[in-house]
Amino acid sequence: MSAKLFANEDTIDALIVQMSIQQKIGQLVQTERMAVSAEEVAQYHIGSVLSGGGSWPGDNRVEDWVAMNEAYWQATMKPSAARVNIPIIYGVDAVHGHNNVQGATIFPHNIGLGAANDPDLMHRIAQATAREILATGVDWTFAPTIAVAKDAHWGRMYESYGETPEIASGLVGPVVQGLQGALDDDSVAACLKHWVGDGGTRAGIDQGDTSVTWDELNEAHITPYLAGLQAGALSVMVSFSSWNRRKCHGHRFLITDYLKGTLGFGGVVISDWDGIDYLSKDYPEAIAQGLNAGIDVFMVSENWREFLRAMEDLIAAGVVSMTRLDDAVRRMLRLKFALGLFHKPSPALRKWSNSSCFGSDAHRQVAREAVRKSLVLLKNSNSILPLNRSARILVAGKSAHNIANQCGGFTIGWQGVPSQDGLIGSTTIWEAIKACAPNAQFSHAGLGQEANQDLHDVALVVIGETPYAEGFGDIRANDNAVIETGSQVQGLMKVLQPYGQSLHLAQLHPEDLACIKTIVAQGVPVVAVMLSGRPLVVTPELALADGFVAAWLPGSEGAGVADVLFGDADFSACLSFSWMSDEAGTGQARVEAANLFPAGYGLTYAGEVTD
Ligand code: GLC
């Protein structure tokens with residue numbers, strides 16, 4: 001725990017004494033930018049505003065973000081006899097770079113960084129990300145996700161570093177340190193999420209039920225938080241999921257007794273997006289359950305007015321104590337003081353605001369290095385890799401020139417780059433190949449019909465998933481498990497339309513196997529590069545390809561893929577998730593029964609990489 005978090009207790013005491021009930025309650029609210037104006041933030045003493053995925057001001061340029069944050073700040077800091085001036089804090093999901101904003105450096109998602117497993121690289125990624133966040137006047141990111149994902153059916157597996165706690169435990173500290181640093185002008189607040197057990201739900205159902213013993217929860221899912229808290233993380237976000245059918249958002253033991261008590265966490269516990277709504281159909285009851293369980297700040301996407309009213313009634317009725325309210329306020333003020341927000345100038349005048357570091361070449365070089373270090377070589381028959389730059393390469397596949405598929409979810413849009421927008425400053429894999437291989441040819445239909453063994457020495461086929469986020473990425477054959485889980489957890493469940501019904505790539509995206517078959521039928525050998533948020537069953541694709549690379553979701557710097565394919569750098573990553581040979585059930589059953597490649601597997605040009 002960072003000592004700076006507790007360095008202003010006397011000042012905070014004095015502030016709390018001056019604050020009205022309404023000012024105190026306002027500090028517990030984080031609402032979405034589209035639901036509140038700067039004037040309302042001041043009038044209702046709102047403590048924090050956020051951008052949900054895909055929510056941006058103006059033309060989504062850096063200057064638009066700075067102007068937005070300047071307006072919120074000016075409104076809350078305008079001298080007033082009626083209230084204590086408490087600076088606003090703005091939060092975003094900068095989970096692989098400042099990914100909401102056009103032109104940002106987009107790093108590989110966590111699944112690839114877990115395969116790289118390079119703490120120094122993680123520190124540099126986090127530091128670059130912090131500076132791009134600060135360039136927009138934002139001070140808080142809801143990252144890192146330190147879920148320990150156990151089932152590839154889960155739509156958020158790509159946000160997890162690996163299937164065991166060890167990798168996340170080794171990386172979370174460097175990430176928190178890179179984001180928060182010395183808690184000075186170069187710092188943003190980190191947020192460990194989602195507390196706790198989000199990656200262990202039965203059947204990989206997003207927001208489902210993690211049915212494990214306390215020892216299993218502690219060992220598998222709580223362990224990474226110990227390193228994150230040790231590194232001084234200023235906030236923790238609660239999970240939508242349940243533990244043994246009880247919602248984490250209402251779980252007093254997990255939040256108050258264990259996280260705040262046993263682990264001594266003194267920072268802010270924030271709910272997930274309207275997360276308390278699933279505790280009860282009675283909103284005041286839901287608020288009371290969440291607050292009394294230990295949630296300090298409530299992410300309330302729209303109905304903040306109702307929240308404020310209900311809170312006043314709950315305090316007046318004694319359903320929520322003043323002690324609990326003051327403790328929640330204290331924690332939010334601690335976070336704001338620790339970040340120096342009470343002393344910083346307005347967003348427009350800060351050190352990094354509108355900085356040219358945003359999307360800079362220096363940051364993109366770090367991202368390109370991360371891409372190189374994240375790629376896992378699963379097959380290299382006939383030493384088809386590395387490719388020769390002068391070779392006649394047919395580049396095919398739906399994802400060879402598709403920045404949305406290259407970046408995945410939480411990029412510009414919540415569900416990925418909107419097709420019409422593109423991504424300023426990015427390089428697709430095809431663009432990277434074209435830039436260094438003069439005899440490369442692009443298969444315009446994307447499906448390899450041009451293949452001809454008299455014209456092509458090799459084909460590079462980029463395949464895999466299209467973007468998704470959260471429950472929209474779940475895979476399930478039917479809703480039976482969801483219905484059963486929903487009938488058992490206490491509270492409500494939000495269920496989204498799943499990505500597909502099978503982990504077999506040939507069922508999810510038959511166009512990929514068709515493309516490989518078309519090319520191989522012409523006698524042209526294939527190197528397959530798969531862009532995906534998880535391991536998939538790729539038995540037929542793997543059999544037909546001479547080379548097979550798991551590239552995960554590499555982000556904006558496609559050149560990192562070309563670097564390794566041409567041998568400028570060797571493969572160095574290894575799987576952080578076991579790779580199934582078939583859809584053998586879920587959870588532990590999947591991990592044990594279906595290993596085509598074990599976690600730790602990865603080839604290099606010289607031989608086999610082990611963990
Ligand atoms: C989402 C996610 C959480 C994110 C939050 C704000 O529902 O569960 O990871 O930080 O909402 O976008």
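Trainee: At what distance does the backbone oxygen of Trp154 lie from a polar atom of the side chain of Arg534?
Mentor: This is a predicted model, in which local features need pLDDT of at least 70 and side-chain atom pairs count only at pLDDT 80 or more, while totals for chains, interfaces and linings use all residues. Residues are numbered from 1 along each chain as its sequence is written, and side-chain values use heavy atoms, with hydrogens and water left out. A polar contact is a pair of N or O atoms within 3.5 Å; within protein, one must be able to donate a hydrogen and the other to accept it, and residues adjacent in sequence count only if both atoms are side-chain atoms. The side chain of Arg534 reaches the backbone oxygen of Ala152 at 2.9 Å, and for the backbone oxygen of Trp154 the distance is 3.4 Å.

Trainee: Is Arg534 buried or exposed?
Mentor: Arg534 lies in the loop between β16 (526-531) and α19 (539-544), where helices (H or I, at least four residues) and strands (E, at least two) are DSSP runs numbered from the N terminus. Buried means under 20% relative accessible area, exposed over 50%, and partly exposed in between (1.4 Å probe, protein chains only). Because its relative accessibility is 0%, Arg534 counts as buried.

Trainee: With which side chain does the side chain of His456 make a polar contact?
Mentor: His456 is found in the loop between β14 (441-442) and β15 (458-464), and its relative accessibility of 4% makes it buried. Leaving out residues up to four places away in sequence, His456 touches Arg392, Leu394, Gln441, Glu450, Ala451 and Val524, contact meaning heavy atoms within 4.5 Å. The polar contact, at 2.5 Å, is with the side chain of Gln441.

Trainee: Why are Arg331 and Asp327 separated by about one helical turn?
Mentor: The two side chains meet in a salt bridge at 3.3 Å, N to O, a salt bridge being a side-chain nitrogen of Lys or Arg within 4 Å of a carboxyl oxygen of Asp or Glu. Arg331 is buried at 8%, whereas Asp327 is partly exposed at 24%. The separation is about one helical turn because both residues lie in helix α12 (residues 322-338), four residues apart.

Trainee: How many residues apart are Arg372 and Asp563?
Mentor: The side chains of Arg372 and Asp563 form a salt bridge of 2.8 Å, N to O. Arg372 belongs to helix α13 (residues 361-374) and Asp563 to helix α20 (residues 559-565), so the pair links distant parts of the chain, 191 residues apart.

Trainee: How many residues apart in sequence are the parts tied together by Lys398 and Glu511?
Mentor: Lys398 and Glu511 form a salt bridge whose closest N and O atoms are 3.1 Å apart. Lys398 lies in the loop between β13 (393-396) and α14 (403-407), and Glu511 in helix α18 (residues 510-520), so the parts tied together are separated in sequence by 113 residues.

Trainee: What percentage of the ligand's exposed area does the protein bury?
Mentor: An oxygen atom of the ligand is 2.4 Å from an N or O atom in the side chain of Asp93, and one is 2.8 Å from such an atom of Arg156. A polar side-chain atom of Glu470 lies 3.1 Å from a ligand oxygen. Taken alone the ligand exposes 310 Å², of which the protein buries 96%.

Trainee: What is the omega of the cis peptide bond that joins Leu385 and Pro386?
Mentor: Most peptide bonds are trans. The bond from Trp195 to Val196 is cis, with omega near -5°, and Val196 is in the loop between β5 (191-195) and β6 (209-210). Pro386 lies in the loop between β12 (376-380) and β13, and for the cis bond from Leu385 to Pro386 omega is about 0°.

Trainee: What is the phi of Ile412?
Mentor: Most residues other than glycine have a negative phi. Leu183, in the loop between α7 (165-180) and β5, has a positive phi of about 55°. Ile412 is found in the loop between α14 and α15 (429-436) and is buried at 1% relative accessibility. The phi of Ile412 is positive, near 60°.

Notes. Areas by Shrake-Rupley, 256 points an atom, 1.4 Å probe, with all protein chains shown as cover.
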